[in-house]
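Hi,

Here's the structure I said I'd send over. Have a look at it first, and my notes on the metal sites follow below.

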Amino acid sequence: MNFADIILPLAQPCYTFAVSHIPDIKVGEAVAVQFGKNSIYTGIVLRLHNTPPRSGRIKPVLERLYPYPLLNARQIEFWRWIADYYLSTIGEVMRIALPSLVKSHARSEEQYQPYALPTERVLRLKSSDISQIRKSAKAQIAIIEQLKAAGGEVARQSVDATATVINALVKMGIVEVFEREAVPTQHPIATSLLPTLSAEQSQALEKIESGLEITNVALLHGVTSSGKTEIYIHRIAKTLERGKDVLLLVPEISITQQLVERLRSIFGPRVICYHSKLTPKRRTDIYMDMLRLPSGNIVVGARSALFLPYRDLGLVVVDEEHDAGYKQSEPNPRYNGRDAAIMLAHLHGAKSILGSATPSLESFNNAMAGKYAGVTLMTRYGGSLPPRIIISDTVRAVKRGERTTHFNKELLDRIADRLEAGEQIILFQNRRGYAPYVECPRCGWTPRCPHCNVTLSRHRQSGRLKCHYCGYSIADSRYCPDCKTSELQAMGFGTEKVEEAISALFPQARVLRLDSDIAASDSAYNRIINDFAEHKADILVGTQIITKGLDFPLVTLIGVLNADNLTKAPDFRAVERAWQTLLQVAGRSGRRDKAGEVVIQTADPHHPIFNALDEKGYQYFAASQLKERQMFNYPPFSRLIRLTLRHADSTTLANAANMLGQGLRQKFGDRVLGPVTPLIDRIRGEWIVEIMLKIETTSSFAAARKIVAQQVANLRQSNQHKSVTIICDVDPL
Ligand code: ADP
Ligand code: ZN
Ligand code: ZN
């Protein structure tokens, strides 16, 4: 072949280079190419062909980088699918898919340093004439024997001998030493005894197995602590027995570690942990090793683990499949890890299991329609009881004088009881910081971010007022800087304020706080989780972050301080999310032998969501939610594409948005909503406008995406509008 289309890690289409001088080049190989003025990039061969490009001088590929491709055929197909489905370029997929060391880029040829494959030193038996070796040279004889036993070659590092001994053998011409590419070794699988499943669990597993024969995807709806993980483990063992790869995906990096440890205790050291917080070197080593190892690997990871070079996947498990953490919100490609996982499994002819205590309405609907095999597991393992839910009316509490700071008496009394009993308590508030905003009671002044259209949140610990959208912050001041007479008052409350208030009410209690301000550092996150698990604290105050896969057996009471924050969000998914969050939070209580209680404080105690918090109420609630979605033609009864336009100048932005909106309306009619101004219409100094497309499931989504891509490309290329940023989000969350 004469030409190759090369993927570069850029938001650009592929470019064609000449490759006739590279013998036997293959699709998926990494090559160095010159691109732009003097820049050198590592690119990937996407396609080989003989069609010369119509215009421009065609540059030759500079060199081939490795003796084998970096991507196999299924990965290429997977990349193509992501780029196509999520309206991004395949270069953008490369940018997130490959570990950083193997996508080098430099401004000049001198600076360009592509990743070098690691090498190892090897000893080789050169001559079998060992008559020169003295009988007393035991160490030399040992090496010769080791070499003979291994067929003539042994890695230097597995030879237990000093350099002097080896040099002597080299001098005699009996042994030679050379460098070669290091060969990874696959760890053994040491499957220890699998847990014996309960009768209900065995039944669920059987249903999954038989269901998977028909649909390839199973949805395991199992209440918290029902043993979903144990069921995965059984299926994983089977897949490994057949020599195939397994991928177990989780939505959050922070929960990979616990799962890796659990799986390693069963399958041994072959279990690989992969996510974006590992060092670039570690990620690259894992990638390059898997490229050369036979299949039969087991990977636990966050969504970036989808891009490892699986040879032969047999099973993909997506745990907590409902979790919004699977969606990449930034940058492109804005893919959903769960949906991409199902596609990846499909490309390998593998099976997928989606698991959750609170399945997404999308997956639930697929199970109802028979697209997925639906399996339920409704009892907690070991017979522990589901928590008792108490809906606590805040308005009534205020009226009766039964409210102290942020707590209704119903909650406070129980906290006191549990502290007395030496048990643990979690208080949930989905706002970090001290207060979402501060206000001057006299003149009404409220500090706002100069770059975003939001108020600044008070953070007591750091003594600053912070923007949660761009990170801008100013020193907090006690007095209103406007009228200088009155003290600024904290409005609303975040986790810091809850921590302060509860400590004031129960000075003897040991209180910890966990939110993303603290969890920004892994070590702090782990320390707090461990301290709480070891009962070094009585109360844990936290945001969503505490709801993810954590198991604290001593927690018998959970307080949700303000459920209205959750239910009142202006989004058609708000109720689904609120409900999932409440159930996930509630699931943290009363595991094992102690029944737990969950007190939910709300000003709207008659909201239908509170009748569905019994985990068995799911079916009913999901069905009613789906009916609503259908009525308003929302997903899963339609598909959405959200176009977000941003620009520093509001007029330029409005013009571009109107033009795009008109263009789209010509093709899609009233399937186009907007342009509309979102609730927060300015972030980081840029104005924001959104256009939403609602495509009914009966028409071709592929065709619709193509039209959108075309119109967006036109706008990006027009002189008048090219400075406007346009973000395409397919299946936005
Ligand atoms: P889930 O993933 O559904 O939340 P887990 O698989 O983590 O549930 O199980 C909850 C707890 O019960 C874990 O500590 C687990 O070890 C235990 N468990 C569940 N099933 C079994 C079983 N069949 N044998 C032994 N322990 C089990
Ligand atoms: Zn800001
Ligand atoms: Zn004032």
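C452 is buried, at 2% relative accessibility, and C467 counts as buried too, at 4%. Keep in mind that this is a predicted model. Both cysteines are donors to the zinc ion (ligand 2), together with C449 and C470; each gives its SG, and the distances run from 2.2 to 2.4 Å. The angles among the 4 donor atoms are 107 to 112°, and the site is tetrahedral. For comparison, the ideal angle for four tetrahedral donors is 109.5 degrees.

Along the chain, the spacing for the zinc ion (ligand 2) reads C-x2-C-x14-C-x2-C. C452 sits in the loop between β21 and β22, and C467 in the loop between β23 (464–466) and β24, so this pair ties together parts that are 15 residues apart in sequence.

Now the other zinc. Which residues coordinate the zinc ion (ligand 3)? C440, C443, C480 and C483 do, through their SG atoms, at 2.3 Å. Here the 4 donor atoms subtend angles of 104 to 119°, and since four donors count as tetrahedral if all angles lie between 85 and 135 degrees, this arrangement is tetrahedral. The spacing for the zinc ion (ligand 3) is C-x2-C-x36-C-x2-C.

Cheers

Methods
Residues are numbered from 1 along each chain as its sequence is written. Chains are lettered from A and ligands numbered from 1 in the order in which they are written. This is a predicted model: local features need pLDDT of at least 70, side-chain atom pairs count only at pLDDT 80 or more; totals for chains, interfaces and linings use all residues. Side-chain values use heavy atoms; hydrogens and water are left out. Donors are N, O and S atoms within 2.8 Å of the metal (3.2 Å for Na, K and Ca); water is not among the atoms, so sites may look incomplete. Four donors count as tetrahedral if all angles lie between 85 and 135 degrees; four count as square planar and six as octahedral if opposite donors are over 155 degrees apart and all others between 65 and 115; anything else is irregular. Helices (H or I, at least four residues) and strands (E, at least two) are DSSP runs, numbered from the N terminus. Buried means under 20% relative accessible area, exposed over 50%, partly exposed in between (1.4 Å probe, protein chains only).
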